[in-house]
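Student: Can you walk me through this one? I'd like to start with the overall layout and then pick at details.

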Amino acid sequence: MVRFMKTIYCIGEALIDFMPADGDDGARDALLAPMPGGAAANTAVAAAKLGAKVAFIGKVGADGFGRKLVEVMGGYGVDTSFMTMTEAACTTMAFVTLAPDGEREFTFARKPGADMMLGESDILDGLFRPGDILHFGSLGLVPGSPSKKAHLKAILAAKEAGALVSFDPNVRLPLWDCEDVLRETILEFLPYADIVKVSSDEMPVIFGTDEEVAAAAYCFRKGVSVFFVTRGADGAAAYLPNYYTSVKGIAVKAVDTTGAGDAFNGAILSRFLGRPLAECLDPAALGESLSFANNAGAAAVTHKGAM
């Protein structure tokens, strides 16, 4: 396969979010409408919207929802040629309840879901090149699932090829047997990442502390190059081993916070793509990227739906 541009590869889940229909926000018995989602898929779409060359690696069910996800993501400009379908499980579904302030709760139909069926054979040899970026989250790392081995194969191949690796743990406790297993799995994969992004409310689960400096220091000891923290309405921060910068939140009317962190990720990766990492981590450049991503996250919450 010949490629003329550097590519962001997002690996993981594409799923259907069932969101409260218009007029039912905040109601516990709201009528739910299906919308495309999934953290990895959302990040891919966000980066593609910002002009990056993006491909998605994942598996969906051989069903109407799966076909819709391929169609929608392709329509946003994401290369879906690495998406496959399976008869072994249905497309994963997440049922989202929104509070009046746009915050959300998740209930998942995934025992198993099609995204967990992604296998090592789905990761093509020779896929990655220097300057590419591979982005992943924790939903595909559930112990015992084929997708964990597939993720590891992709990550090792990307690193061997000289691509950057980005990790957003994206904590979803209902999908794990217990919090300890989730934490151990995230910490197991942390050393593979060059770029790590967490939200402030995830830090106690992952690092056992809400102190950003301590969490950043832990990441740097594991070999991470840059550590981002999203703080919701309070903005975001970026940490290097010897540098720190932050931006304030942007006042917007939050309609739906689903996908805000993914929009942030997509914006960061679109800024880092095809550039030497040292250039991206120059303090001035890093500050500009952080502000750009903060704007993207703020824009995302003003609309319903993760994409």
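This is a predicted model: local features need pLDDT of at least 70, side-chain atom pairs count only at pLDDT 80 or more; totals for chains, interfaces and linings use all residues.

Student: What order do the strands of the open sheet come in?

Tutor: Nine strands form it, in the order 5-4-1-8-9-10-11-12-13, with mixed pairing. Strand 5 (83-86) and strand 13 (243-247) are the edge strands, each pairing on one side only. From one strand to the next, the twist averages 15°.

Student: And in which sense do strand 1 and strand 4 pair?

Tutor: Parallel, over four bridges. Ile8 stands opposite Val54 in strand 4.

Student: Which strands does helix 3 touch?

Tutor: Helix 3 (residues 146-161) packs on the sheet and touches strand 1, strand 8 and strand 9. Its direction makes about 155° with that of strand 8.

Student: Switching topic: where is Asp132?

Tutor: In the loop between strand 7 (104-109) and strand 8.

Student: Is Asp132 buried or exposed, and why?

Tutor: Buried, because its relative accessibility is 0% and the cut-off for buried is under 20%. A polar atom of the Asp132 side chain lies 2.9 Å from the backbone nitrogen of Thr7.

Student: Now helix 2. Which residues are buried there?

Tutor: Gly66, Leu69, Val72 and Met73. They cover an arc of only 130° around the axis, so they sit on the same side of helix 2.

Student: What's exposed on the other side?

Tutor: Glu71 and Gly75.

Student: What covers the buried residues of helix 2?

Tutor: The cover includes strand 2, strand 3, helix 1, strand 4 and strand 5.

Student: What's at the start of helix 2?

Tutor: A side-chain oxygen of Asp63 comes within 3.3 Å of the backbone nitrogen of Phe65. Just after helix 2, Gly77 has a positive phi of about 100°.

Terms used: Residues are numbered from 1 along each chain as its sequence is written. Side-chain values use heavy atoms; hydrogens and water are left out. Two strands pair if DSSP finds at least two bridges between them. Helices (H or I, at least four residues) and strands (E, at least two) are DSSP runs, numbered from the N terminus. Axes are lines fitted to C-alpha atoms, for helices over the stretch in contact, and angles run from 0 to 180 degrees between N-to-C directions. Contact means heavy atoms within 4.5 Å. Buried means under 20% relative accessible area, exposed over 50%, partly exposed in between (1.4 Å probe, protein chains only). A polar contact is a pair of N or O atoms within 3.5 Å; within protein, one must be able to donate a hydrogen and the other to accept it, and residues adjacent in sequence count only if both atoms are side-chain atoms. The arc is that of the directions from the helix axis to the C-beta atoms.
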